[in-house]
Each structure stands twice: as structure tokens, then as C-alpha cells.
Amino acid sequence: MDRLIVIGCSGSGKSTLSQKLHKILQLPIIHLDRYYWQANWQATEQEAWDQKVTEFALTDRWIIDGNYSRTLDIRIERADVIVFLDMPRWLCMYRIVKRRIQYHGRTRPDLNEDCPEKLDIGFLKWVWNYRKRNRIKTLEKLKQVKEHQKVVIIRNKKQLEEWIEQLSSY
């Protein structure tokens with residue numbers, strides 16, 4: 001297991017899981033948000049972003065966390081394991097609000113230093129609507145690739161803890 005993708009709604013626990021996986025598997029972490037968002041939350045241009053994700057995917061060992069569905073195929077093509085954190089909406093909403101309070105006026109460790117934590121109505125709507133907008137497409141994509149790649153879908157904290165325990169015992 002040399003290349004893992006961690007995907008899921010904002011607030012599902014992607015970065016936290018990536019940190020745990022890093023400690024267990026000793027793989028480098030690539031937080032896509034850190035590279036996509038430039039200073040003051042300016043998005044990277046699409047062509048440059050696609051190239052950057054391709055460069056990441058072509059390296060030998062990694063944990064890549066983040067959604068960015070437009071480039072998901074690039075990562076899936078090279079991944080050994082795809083982990084989808086399919087957490088409940090209420091948990092994701094709670095976590096993004098908690099994160100906003102925790103990092104008020106500061107930048108989270110998984111982001112570009114010039115992107116202080118923020119929470120706006122557009123982001124709240126994105127998280128709230130994730131299950132009906134993005135989740136179904138993600139599950140369809142994972143169904144297509146599960147015969148060729150290991151797909152792990154985690155829907156609650158208990159499943160997550162059990163899966164981490166399994167990995168730790170290897």
C-alpha cells in the first residue's frame with residue numbers, strides 16, 4: 001500500500017485521517033487544499049492545477065487528501081487504496097463550525113499559510129448540499145473502479161476506528 005486517496009465532504013475528517021495514516025504507513029501527505037488555494041483564497045488556474053495533480057500522482061508513494069472531482073480520475077488511476085469518508089451531514093457541519101472557531105484568525109495546518117480559516121454562506125451551502133450533489137457521483141465512480149482497486153467506504157466513527165486498527169496491526 002503505497003498510494004492512498006482520502007476523499008469525502010469538507011468536515012468528514014480527511015486531513016485528520018491522513019495524519020493518522022501517515023503515522024502508521026510512513027507515507028508523505030499531500031493536502032490538495034494547500035496547493036489549490038493560493039494567498040487570500042485565490043484558486044489555481046485549471047490547467048496548472050491539472051498538471052500539479054498529475055505530478056503528485058506520478059510520484060511513487062503518497063497519501064493525497066482532498067476532493068477536486070475534476071482531477072479524481074488522475075489520482076484514482078495511480079491509487080492502491082481509495083478511502084471515502086461518507087460521514088453524516090450533521091457531523092460535517094458540526095466539524096466545519098468547530099474548525100472555524102478553533103482556527104479563528106489563523107491558518108489550518110493543511111492549508112496554504114496565506115489562507116486564514118473562514119466560513120461563509122457559500123461554503124456552508126456546499127457542505128450542506130454535498131450528499132445530494134457530490135456523494136452520488138462519488139459512489140458511482142467508486143463502484144466502477146472497485147474491481148481493480150481497493151475501495152474503503154467509511155460511514156461512521158466506529159468503522160473508521162476499526163479500519164485504522166486493522167492497518168495498525170499489519
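A residue is called buried when its relative accessible area is under 20%, exposed when over 50%, and partly exposed in between (1.4 Å probe, protein chains only). By that cut-off Ser10 is buried, because its relative accessible area is 13%. This is a predicted model, in which local features need pLDDT of at least 70, side-chain atom pairs count only at pLDDT 80 or more, and totals for chains, interfaces and linings use all residues. Residues are numbered from 1 along each chain as its sequence is written, and side-chain values use heavy atoms, with hydrogens and water left out.

**Fold and dimensions**

- Seven helices and seven strands make up the secondary structure of the protein; helices (H or I, at least four residues) and strands (E, at least two) are DSSP runs, numbered from the N terminus.
- Read from the N terminus, the order of elements is β-α-β-α-β-β-α-β-α-β-α-α-β-α.
- The protein is as compact as a globular protein of its length, because its radius of gyration is 15 Å, close to the 15 Å that the globule rule gives for 170 residues. That radius is taken over C-alpha atoms, and the rule is 2.2 Å times the number of residues to the power 0.38.
- Along the principal axes, the C-alpha atoms fill a box of roughly 40 × 35 × 30 Å.

**Burial, contacts and surface**

- Of the 170 residues in the protein, 42% are buried.
- Among contacts with a separation of 6 or more, 71% join residues 24 or more positions apart; a contact means heavy atoms within 4.5 Å.
- The accessible surface is about 9,900 Å², and carbon and sulfur atoms hold 50% of it. Accessible areas come from the Shrake-Rupley method with a 1.4 Å probe; for residues, only the protein chains shown count as cover.

**Charges**

- The protein has 31 positive and 22 negative charges, and their mean positions are 8 Å apart.
- Lys and Arg count as positive and Asp and Glu as negative, while His and the chain ends are not counted; the place of a charge is NZ of Lys, CZ of Arg, CG of Asp or CD of Glu.

**Ser10**

- Ser10 sits in the loop between strand 1 (3-8) and helix 1 (14-25).
- Leaving aside residues up to four places away in sequence, Ser10 touches Cys92, Ile96, Arg99, Phe123, Trp126 and Val127.

**Asn40 and Trp41**

- Asn40 belongs to the loop between strand 3 (37-38) and strand 4 (42-43), and Trp41 is placed in the loop between strand 3 and strand 4.
- Most residues other than glycine have a negative phi.
- Phi is positive in Asn40, near 60°, and in Trp41, near 65°.
- Asn40 counts as exposed, because its relative accessibility is 57%.
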